[in-house]
Structure formats: C-alpha cells, structure tokens
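Keep the structure open while reading.

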Amino acid sequence: MSIEAARVMRVDPEGVWVEGIDRSACGSCALRSGCGQGLLSGLWTNPPLLKISRGPHDGVLTEGDIVRVAIPGAALVCGAMLLYLLPLLCFLGMALAGNLLFGTESATVLFAAGGLLLGGALVRLVSILQKNNESLRPSIVVPGEDTLPATAPAIFAPTTVALMTPVATKHPQ
C-alpha cells in the first residue's frame, strides 16, 4: 500500500477528485535548476486528477484540503506491468511473427507496429474491464492506518477521512 499526500480539487456527488502533491518537482533539492524533473513538471498545465468514490468523507472535505490517499500495491505493480510490459511483449511477438512469416525487414517493421497498437488496445481493454475492481481503488486514510496487517484481504482499504495539517500552498483559482 502506497500512502501519498493529495490536494482535494473538486467535490461532487460521485466522489472526491484529488491531485497528487509532486514532491520530486518541488525545487527543494540541491539540484534546483539542473533538475530535469522540475523542468518537465512545468510543462503540464492541467495535472491528472484521481477520483475517489463516495465514502465517509462525504460532506467533510472541501476544495484545497490536504488528505492522505492510499493506493493498493497491487494496483501500482499490476498497472505498471500492464502499461509497460504488455505493449512491449506484443511489439516483440508480432515483430518475430512478421520475420518468421515473411522474412523481410518491411514485414517485420509493419508487424511490430501492429503489435504495438495491439498492445495499446489490450491495455485499454483491461483498464475498462478493471474499472470497477474494488481491490484496485484508492481510498482516503486516517493517520495511523498507513500500514495494513499482513493478513488483510486484498479488498481492505481504510475509508475514514482525516485532514492532514494544512500546509502553505497555493489553492487553485
């Protein structure tokens, strides 16, 4: 389970939308201007938001609140494997198939490109199928519940809310 700080960006009837607080691009390390992460983080004008489904936090949270979000370890590991490994394996497999079937470089390249597209489509399909999988959903946690017992079932996720001590940050306008 990964616990990260996040800022509440929007509260609506379907749930809470949060934005991760990116500590690596904060400019507080010794590298500052030599850091590529800081430069790249400035390129994203609209950072991605994460939706956390309705729960006990309804009515308690407001825009700008800082909360702690738990993301199940299985979601991180399986998501990374799915996102990076599946398209790569499809790419290599189709390139090999194109080479074995036709033996030309152009067929190998075309089959490899098709494999990459197939891998991307499979990632999208699996993402759609896993959309409602409760064991992969993030949740808002209470301080002190940062670690789960080793015997906790995969679908266990603390859902009670607690606000962290507010930090001096800019709130979205």
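## Salt bridges

Searching the whole structure turns up three salt bridges. The model is a predicted one. Each pair is taken in turn below.

Arg10 and Asp12 form one of them, with 4.0 Å from N to O. Arg10 is partly exposed, at 37% relative accessible area. Asp12 is partly exposed too, at 24%. Glu134 and Arg137 form another, at 3.7 Å from N to O. Here Arg137 is partly exposed, with a relative accessible area of 23%.

## The Lys51–Glu14 pair

The side chains of Lys51 and Glu14 also meet in a salt bridge, 3.3 Å from N to O. What parts of the chain does this pair tie together? Lys51 sits in strand β3, residues 50–53, and Glu14 in the loop between β1 (2–12) and β2, so the bridge links parts that are 37 residues apart in sequence.

Are the two partners buried or exposed? Lys51 has 33% relative accessibility and is partly exposed. Glu14 has 52% and counts as exposed, because the cut-off for that class is over 50%.

## Gly15 in strand β2

Gly15 belongs to strand β2, which covers residues 15–20.

How accessible is Gly15? Its relative accessibility is 1%, so Gly15 counts as buried, a class that ends under 20%.

## Helix α2

Helix α2 takes in residues 73–102, 30 residues in total. From first C-alpha to last, α2 reaches 43 Å. That is close to the 44 Å expected at 1.5 Å a residue. Where does α2 kink? The kink is at Leu85, shortly before the proline Pro87, and amounts to about 30°.

Buried residues in α2 are Ala75, Pro87, Cys90, Ala95 and Gly98. In an α-helix there are 3.6 residues a turn, so residues three or four places apart point the same way. Which elements cover the buried residues of α2? The cover includes β4 (66–71) and α3 (105–129).

## After the helix

Gly103 follows α2. The phi of Gly103 is positive, near 70°.

Technical notes. Residues numbered from 1 in each chain as written. Predicted model: local features only at pLDDT ≥ 70, side-chain atom pairs only at ≥ 80, totals over all residues. Heavy atoms only, no water. Helix = DSSP H or I, 4+ residues; strand = E, 2+ residues; numbered from the N terminus. Buried < 20%, exposed > 50% of the residue type's maximum accessible area, 1.4 Å probe, protein only. Expected span 1.5 Å × (residues − 1). Bend = angle between axes of the 7 residues up to and from the residue. Contact = heavy atoms within 4.5 Å.
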